[in-house]
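Work through the exercises below with the sequence and the model open. Each task is followed by a solution in steps.

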Amino acid sequence: MEQFYAIAITIIAASTPLLIAALGELVVERSGVLNLGVEGMMIMGAVCGFGAAYVSGNPYVGLLASIFGGIAMSILFGFLTLTLLANQVATGLAITLLGIGLSALIGESFVGQPIQRLPNFHGINILIVFSFVLTALVSWFLFRTRTGLMIRAVGDSHVSAHAMGFPVVGLRYACVAFGGACAGLAGGYLSVADTPQWVENMTAGRGWIALALVVFSTWLPKRLVFGAYLFGTISILSFTVQTMALGIPSQLLSCTPYLVTVAALVVISRNRQLLRANTPACLGQPFLADR
Amino acid sequence: MPLRLEKRAERSSTMALLSPIIAIGLTLIFGAIVFAMRGVDPLHGLYVYFLEPLTDEWAREKLIVKATPLVMMAAGLSISYQANVWNIGAAGQLYMGALVAGLVPVFLTGWQTPEVMLVMLILGIAGGALWAMIPAILKVKFNANEILTSLMLVYVAELVFDWLVRGPLRDPKGYNFPKTVNFAGWQTLPAWGDVHLGALLALLAALGLGFLMYRMLKGFELRTLGSAPRAGRFAGFSADKAVYFCFGVSGGLAGLAGACDVMGVGRQLQTPYSTPSYGFVAIIVAFLGRLNPVGAILAGLLLALTFLGGEAAQTTLHIPDKIAKVFQGVLLFFVLACDTLVLYRLKWESRK
């Protein structure tokens with residue numbers, strides 16, 4: 001029983017950052033913006049969170065800093081794609097490349113340093129609870145509020161939304177910043193609550209998995225919980241199997257989460273009707289208001 | 001907002017040439033600020049970082065060695081991105097090219113005729129191209145987003161490479177180091193100083209793809225499918241074939257880059273293996289070269305210089321060489337931002 005509980009806790013710990021980061025990206029994509037920089041915003045959140053927690057000695061200050069780190073990167077993304085109308089795919093990649101480099105430079109002096117870990121109750125910390133609250137909030141906000149409807153309208157047809165007088169660019173900036181905050185917090189979760197230490201490149205592709213989860217969920221927040229926990233479970237199980245020494249090379253088991261991501265994308269994407277019905281129609285398209 | 005964009009009647013060819021130069025200038029200013037913040041005289045810092053590495057012969061050779069895989073990969077990525085095919089897994093394809101080419105020296109160490117070199121290079125291309133076919137097939141058959149699948153396969157390739165080099169391919173007489181036997185004789189590339197045959201191949205690849213892109217129907221097809229997919233379909237161009245073609249070419253070149261790297265530089269397979277990270281830098285090279293394969297040559301040399309500068313900064317200025325990655329990321333930002341000027345005019349106006 002105790003062993004079962006321990007495994008359950010590690011699964012929750014592995015799933016939570018995926019869920020938080022994916023929730024943010026889901027809102028961004030609902031507004032019609034494709035930010036591929038989740039990985040970069042996440043790693044910046046991780047390094048900012050760790051640094052602030054290290055300097056202040058307070059993990060909550062760390063989490064706050066991680067949110068700001070993520071937002072700062074996302075605003076940079078927003079400026080390029082929403083104001084300067086740069087290609088969203090390329091800019092997202094730029095955010096990731098810059099985030100990985102900048103975090104390595106900032107984190108140089110943090111390597112091997114200890115910090116006070118985010119407190120938890122039998123392995124459950126505040127962020128785990130928060131991730132579920134956030135799921136419910138995002139779901140309610142997108143589908144039950146006027147602003148949520150406006151965001152979805154902007155994502156489905158920015159020309160019509162603009163004609164109706166909605167502030168297309170303003171709403172998109174807000175969504176992008178929210179996505180940055182979530183990705184940053186997810187990174188902060190890794191460095192302040194989960195590992196508590198700074199390791200270069202510690203996000204290890206989780207930001208990309210979060211991006212895939214958004215497609216997997218067909219842009220519905222509730223399905224993200226299922227997706228995130230599926231991936232958390234698979235990655236933890238692959239670790240657990242490694243410890244059993246079955247003679248399967250550990251590297252091949254470590255491949256599982258990435259291969260499962262590919263498989264999940266294939267399963268969802270091959271249903272073109274399902275995808276067409278749910279994908280925000282303006283996803284990735286630049287918008288310039290003519291006046 | 002005081003800053004406003006106004007669409008130009010047609011794309012500005014002046015700006016198309018100027019924008020990468022402006023971007024480089026802005027990156028240098030950014031660099032000067034970073035050096036000043038670190039307490040280094042900005043001009044001295046820039047000199048050490050960007051000019052000193054070019055002053056001696058040995059460093060110039062190293063520059064070409066580092067530029068070789070960058071140019072090779074960026075040339076393939078350039079044509080893919082122009083066709084709106086987003087292969088961002090060049091790193092994984094490089095791993096596979098290196099791995100497959102490396103099988104020959106490991107299992108057929110005694111094969112020492114000139115043909116073996118050619119066979120290894122072809123195996124490298126095949127390894128990269130076949131690995132790149134996975135996201136291409138998933139895209140065409142199942143509509144799966146190629147950005148995410150090609151990237152996920154980088155992690156898989158890295159883990160497979162690590163497993164094989166630590167396990168089945170390891171040199172039994174290698175004192176347990178995670179590496180294969182050393183490559184020798186015809187199983188390595190001829191070199192002049194440090195510069196190996198791969199540099200010539202990279203040059204040929206970039207020029208060849210440039211010719212294909214701007215002087216052949218195939219290039220027109222790819223460019224049309226990228227900029228106006230509907231028009232491309234009406235013209236009878238197949239988007240699916242373009243996906244296979246782009247992944248095949250860019251993957252093959254990434255695989256060739258891997259084969260050349262292990263045959264010309266490392267002369268063994270070892271793990272951890274650092275060159276694949278150039279697969280991501282090649283994305284920056286492609287954009288800095290304005291997605292023109294020929295432009296990738298100059299852009300590749302510049303990005304190679306940022307690596308050398310990073311090493312110089314570490315030894316001379318005592319600034320961590322991670323600064324190189326920051327400069328590379330910032331450069332891509334400025335390139336993307338300046339590209340706006342090609343299609344738009346900036347207008348400052350007071351609020352009405």
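**Exercise 1.** Is B:Arg290 buried, partly exposed or exposed, judged by the other C-beta atoms within 10 Å?

Solution. Some conventions come first. The model is predicted, so local features need pLDDT of at least 70 and side-chain atom pairs count only at pLDDT 80 or more, while totals for chains, interfaces and linings use all residues. Residues are numbered from 1 along each chain as its sequence is written, and chains are lettered from A and ligands numbered from 1 in the order in which they are written.

Step 1: take the cut-offs. A residue is buried if 20 or more other C-beta atoms lie within 10 Å of its own, exposed if 12 or fewer, and partly exposed in between, with C-beta atoms placed from the backbone.

Step 2: apply them. B:Arg290 has 19 other C-beta atoms within 10 Å, so B:Arg290 is partly exposed.

Step 3: B:Arg290 sits in the loop between α11 and α12 (295-317) of chain B. Helices here are DSSP runs (H or I, at least four residues) and strands likewise (E, at least two), numbered from the N terminus. B:Arg290 is not a glycine, yet its phi is positive, near 55°.

**Exercise 2.** Which peptide bond to B:Pro272 is cis, and where does B:Pro272 lie?

Solution. Step 1: the bond runs from B:Thr271 to B:Pro272, with omega near -5°.

Step 1: B:Pro272 belongs to the loop between α10 (239-266) and α11 (278-288) of chain B.

**Exercise 3.** How far apart are B:Leu207 and B:Pro293 in sequence and in space?

Solution. Step 1: B:Leu207 and B:Pro293 are separated by 86 residues in sequence, and their C-alpha atoms are 6.9 Å apart.

Step 1: B:Leu207 is part of helix α7 (residues 197-215) of chain B. B:Leu207 counts as partly exposed because it has 14 C-beta neighbours inside 10 Å.

**Exercise 4.** At what angle do helix α5 (residues 126-144) and helix α6 (residues 146-156) of chain A pack?

Solution. Step 1: the angle is about 75°, and the axes are 5 Å apart. Axes are lines fitted to C-alpha atoms, for helices over the stretch in contact, and angles run from 0 to 180 degrees between N-to-C directions.

Step 1: name the arrangement. α5(A) is therefore roughly perpendicular to α6(A). Angles of 65 to 115 degrees count as roughly perpendicular, under 35 as roughly parallel, over 145 as roughly antiparallel and the rest as oblique.

Step 2: list the contact (C-beta atoms, placed from the backbone, within 7 Å). α5(A) brings A:Phe141, A:Leu142, A:Phe143 and A:Arg144, and α6(A) brings A:Gly148, A:Ile151 and A:Arg152.

Step 3: sort these residues. Four are nonpolar, one is polar and two are charged. Ala, Val, Leu, Ile, Met, Phe, Trp, Tyr, Cys and Pro count as nonpolar, Asp, Glu, Lys and Arg as charged, and the others, Gly among them, as polar.

**Exercise 5.** How many residues does each chain give to the contact between chains A and B?

Solution. Step 1: chain A gives 40 residues and chain B gives 41 residues.

Step 1: on the side of chain A that touches chain B, α3, α4 (88-107), α9 (206-216), α11 (250-254) and α12 (256-269) each supply at least two residues. α4(A) gives the most, with twelve residues.

Step 2: this side of chain A divides into 28 nonpolar, nine polar and three charged residues.

**Exercise 6.** How many residues of α9(A) are buried, and what covers them?

Solution. Step 1: eleven of the eleven residues are buried, including A:Trp208 and A:Phe216.

Step 1: the cover includes α1 (2-30), α2 (38-56), α8 (168-194), α10 (221-243) and α12 of chain A, together with α6 of chain B.

Step 2: A:Thr218 follows α9(A) and has a positive phi, near 45°.

Technical notes. Two residues are in contact if their C-beta atoms, placed from the backbone, lie within 7 Å.
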